[in-house]
Amino acid sequence: MGTQATTHDDLRAAAVQIVRALAAGGHVAYLAGGCVRDRLMGLDPTDYDIATDARPEQVQKLFRQAHYVGESFGVMLVRQHGHLIHVATFRTDGVYSDGRHPDSVTFSDAEHDAARRDFTINGLFEDPLTDTIIDHVGGRADLDARSIRAIGLPEARLREDGLRMLRAVRFAARFEFAIEEATADAIRTAAAAGLLRGVSRERIGEELKRMLTHPSRAKAAWELQDLELDHAVLDGAHRLVAPTRLGRLPDDAPYSTALAAWLLDRSQPDDESPSDRALRWSRALLLSNADQHGLCRSLEIHDTLSGSWPRLGIAAQKRLAAQPEFEQALLILAGSDQETAVEVRGRVRELARTDLAPPPLITGDDLIDVGLAPGPAFRTVLDAVYDAQLEGGLGNRAEALALARAIADSDGPAAAGG
Ligand code: ATP
Ligand code: MG
């Protein structure tokens, strides 16, 4: 906690220092956008952006540690006391023909720069040297009213960049704000017109990840479904269902767990299998291999826990309970069937008394030492011996080796060595 406050204070101090240096050079410079919004709400911004009338080459002259990151947009990244801060020249965006980037930008003033931003609460500037807020778009009133409102004509602003639909949902969920009516209507219309199709799957996947890894994830899910953005985001059908499992996850639940919970919330009896749908979501959201694996395994384990679990033997239960995704699957189950989840938890506690995943008594090397020839049958023998160990039927290495030899002999000459 203490270190976090210090890190944030340092970050802000670094940003203010850049503003001071720009001002000393005769330029107008403000903190801009999200960091102003967050501070007015009493939150610590995670990143700072500065907007200035200094041209990129002038920024470059003032700060040795400045690098272009969006050359055509006049965006520089300045390193100050180890912190990286975006410094962007005030600009007016030209026509968007690709629904993502303006074809051209013109350097301009603070008022125009505010007007190109997405929502009024994101269009504020702060002059930290005089401690004043510069508000060209009515952002303060909307912050007070807890409202997400597009700057300018909502339809036009969404047509420029369809991702703004998802940003509206993310901010509404995160801050518990309402999306203002005309903006919400425009989102519905734009969603129905397929505007999200013009947005790259990378950007969509990133936005959904940010929504679902935040404690407000269930509200985000509601909004996405309510505005009928869900089918385009998830590449499936539109569903208006209560995201109950999703809403009952702990605040810090991983992305893959949240996806699995929401997928089950949205499941209907005549659907394709959850694992088929998980693969479709993985492609639509460009999930990392780790997230895709986590999603699929959580669903598989959840499926076992809500089905065949009580009939599994000790070894199979222990093997399952030792899986990294077991706890996540159990958390999801607790969101829909608390009773079964409590039973499973009790059973796992019982199993853990004799160790869920002890180190194996023997390995492949031991099999070679007793004269068995390495081959595909090794795995079968080792698995069977480990099962016996998990069941509690083996006391030591010698017994494990004896069992291995017995299994290998009964499997015929293929497994037995010379
Ligand atoms: P957070 O960083 O908390 O997600 P943010 O509002 O700071 O929220 P950033 O992506 O850091 O979002 O962008 C900084 C600012 O740039 C925003 O506050 C907004 O003014 C502007 N901005 C960002 N993305 C867009 C967009 N797609 N369309 C218009 N303006 C945008
Ligand atoms: Mg930001």
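Biologist: Which side chain meets Arg170 in a salt bridge?

Modeller: This is a predicted model. Side chains of opposite charge can pair when their charged atoms come close. Here the N to O distance is 2.7 Å, which is within the 4 Å cut-off for a salt bridge. The partner of Arg170 is Glu207.

Biologist: How many residues apart in sequence are the parts that Arg170 and Glu207 tie together?

Modeller: Arg170 belongs to helix α7 (residues 163-175), whereas Glu207 belongs to helix α9 (residues 201-212). The pair therefore ties together parts whose separation in sequence is 37 residues.

Biologist: Are Arg170 and Glu207 buried or exposed?

Modeller: A residue counts as buried when its relative accessible area is under 20%. Arg170 and Glu207 are both buried.

Biologist: In the salt bridge of Glu160 and Arg164, which residue is buried?

Modeller: The side chains of Glu160 and Arg164 meet at 2.8 Å, N to O. Glu160 has a relative accessible area of 22%, so this residue is partly exposed. With a relative accessible area of 6%, the buried residue is Arg164.

Biologist: Which helix holds Arg188, the salt-bridge partner of Asp226?

Modeller: The side chains of Asp226 and Arg188 form a salt bridge at 3.8 Å, N to O. This pair links distant parts of the chain, 38 residues apart. Asp226 is in helix α10 (residues 217-226), while Arg188 is in helix α8 (residues 181-192).

Biologist: How many salt bridges does a search of the whole structure find?

Modeller: Some residues are linked in a network of salt bridges, namely Arg319, Arg379, Asp383 and Asp387. For the whole structure, the search gives a total of 28.

Key
Residues numbered from 1 in each chain as written. Chains lettered and ligands numbered in written order. Predicted model: local features only at pLDDT ≥ 70, side-chain atom pairs only at ≥ 80, totals over all residues. Heavy atoms only, no water. Buried < 20%, exposed > 50% of the residue type's maximum accessible area, 1.4 Å probe, protein only. Helix = DSSP H or I, 4+ residues; strand = E, 2+ residues; numbered from the N terminus.
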